[in-house]
Amino acid sequence: ENKVRVYFSNFLPGEERTYRVWTNISAINYNTIERYEKLGYYLTINVSGKSFTLFDVFVALPIDERLSIKDIYIRGGPSILDNSLYGPPKTYDTNNNGKPDLLTFKIPRIEENSYVEIVVYGIMMKVYCEVINKTVKYAIAGENLIFLWNVSCVNEYPVGLDYKEPIHLPLESSNAKVDGIPKEMHFSSFPPIGPYIYVEGSAPANSRTYHIVEFIGPPVTVLVSAPKYPEKFYVGHLANLIVDIDVKNWIGEFVPAVRKQIPITYGENLKLYYNDKLIDEKKVVRGSYDLDIFDLKPYESRKYLISFQIPVGNATWKQYYRKLVDSTQYLIYPFEVRSLSPYPLDDVRIRFKIKNYRCSDVYKIFETLDEMGKNNLREIEFYCVNDEIVDALLGSFNLGEIKYFSVWVKEKVYATAFTEWLYNFIEWIINIIMNLINFLKSLL
């Protein structure tokens, strides 16, 4: 293909003829690339050839009216600004406003399957705008971030210039404003890909103008786990609790600081860890702990850990007394346990020793209705630690709850049984006498 067949006829001897063949070809394509610098402007025009050699390719290119052309050259080659083979290049004012807006030039030859790059260099009298400072106006975890950017627009030329310059925003941004006025957000499909807005105005000669760009970003999320409890809680001791915290920045911008209140009703000896490193500690925390998260990078994830201690409860031991049951005399030690924990607790335990007795001497432990252990509710499980220490499972406690217990210890077994009612009567008399003595002491 790509051939033209021509038939000739009626040629005389020695005759010469000249023929010109015209044919239509598809449009010659070109693309442009702009590059702005504060000291110059470069416009590259790439003109693509065909599968055959092209001659005298004419190019007409719209240009910015603010452009003052200093040179036009072939990339990697000489200047063509005054070269008649390339036109020479000329500018035209098509709208008669005194400012050139069209550039024309000619490319004398483009080889087959090749291209030619022409570079236009000049000074673009424009206002250059850039972000000079970024802050976050509102940074509470779980709530939208409000970003404030300070934009500087500089006119370095001795004449006043109007400007309308794009400011590119993070992909996740929304609700943009410039100087407090809502602005339409545009989206670029070419790098830098994402939303952008325009800052615009009139800049006097040799001046600097400032704008404030405001937009909303998605919140920094802070996920706080429920407190992790130990397997056992012991009365009279502090229990260690752990809270896991996951932090995520969802915007492609640096977030200098964000705060999250971690609910802690009450805790002692609180410690905050990041990457297994202790970064903060508090002796006592009531209500909540303020977690301050600094210097979050774009899309960064972090994990924190908080450990703290809570009181479990205290035990108050009452005066012991004796009781005879089926010829066996028992020492009964009543005690009460008051919950001091800021949380409801399960598996509360207590460890204790009975003076002059071993753990194996403990007959039973009961939860009782009253503080003196007279009416048993249920039997309590316990075990011995080295036959000296008693470890008893008291069960669950609500906030501030008080429960009563009694420990039964075998004191002696009688060879001949006392009458139980007589023994209880004697014990009753003794209790009356002891109470009377305590009352008289209180009056002194």
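This is a predicted model: local features need pLDDT of at least 70, side-chain atom pairs count only at pLDDT 80 or more; totals for chains, interfaces and linings use all residues.
**Entry 1**

Residues are numbered from 1 along each chain as its sequence is written, and side-chain values use heavy atoms, with hydrogens and water left out.

I then turned to the aromatic pairs. A pair of aromatic rings is described by the distance of the centres and the angle of the planes. Rings of Phe, Tyr and Trp (its six-membered ring) pair if their centres lie within 6.5 Å; planes under 30 degrees apart count as stacked, over 60 as edge-to-face and the rest as tilted. I recorded a count of 15 aromatic pairs by this rule. One of them joins Tyr196 and Tyr198 edge-to-face, with 5.6 Å centre to centre and 90° between the planes. Tyr198 is partly exposed, at a relative accessible area of 24%.

**Entry 2: Phe335 and Phe405**

Next I examined Phe335 and Phe405, which form a stacked pair with 5.3 Å centre to centre and 20° between the planes. Phe335 belongs to strand S24 (residues 328-339) and Phe405 to strand S30 (residues 402-413), so the pair ties together parts that are 70 residues apart in sequence. Strands (E, at least two residues) and helices (H or I, at least four) are DSSP runs, numbered from the N terminus. I noted that both Phe335 and Phe405 are buried. Together with Trp317 and Phe352, Phe335 and Phe405 form one aromatic cluster.

**Entry 3: Charges over rings**

I searched for charges over rings, a case that requires NZ of Lys or CZ of Arg within 6 Å of the ring centre and within 35 degrees of the ring normal. Lys164 lies over the face of Tyr198, at 4.9 Å from the ring centre. The charged end of Arg35 sits over the ring of Tyr42, 4.3 Å from its centre.

**Entry 4: An open sheet**

I followed an open sheet of 5 strands in the order S8-S9-S15-S11-S12, with antiparallel pairing; two strands pair if DSSP finds at least two bridges between them. Which strands stand at the edges? They are S8 (128-138) and S12 (181-182), each with a single partner strand, so one side of each is left without a neighbour in the sheet. S8 runs antiparallel to S9 (residues 145-155), and 9 bridges join them. I located Thr135 opposite Leu148 in S9.

**Entry 5: Salt bridges**

I counted a salt bridge where a side-chain nitrogen of Lys or Arg is within 4 Å of a carboxyl oxygen of Asp or Glu. The count comes to 21 salt bridges by this rule. In one of them, the closest N and O atoms of Asp56 and Lys106 are 3.9 Å apart. This pair links distant parts of the chain, Asp56 in strand S3 (residues 54-62) and Lys106 in strand S6 (residues 102-110), 50 residues apart. Asp56 is partly exposed at 48%, and Lys106 is partly exposed at 26%.

I also checked Asp290 and Arg259, whose closest N and O atoms are 3.7 Å apart in a salt bridge. Salt bridges that share partners join Arg259, Asp290 and Asp292 into one network.

Technical notes:
Buried means under 20% relative accessible area, exposed over 50%, partly exposed in between (1.4 Å probe, protein chains only).
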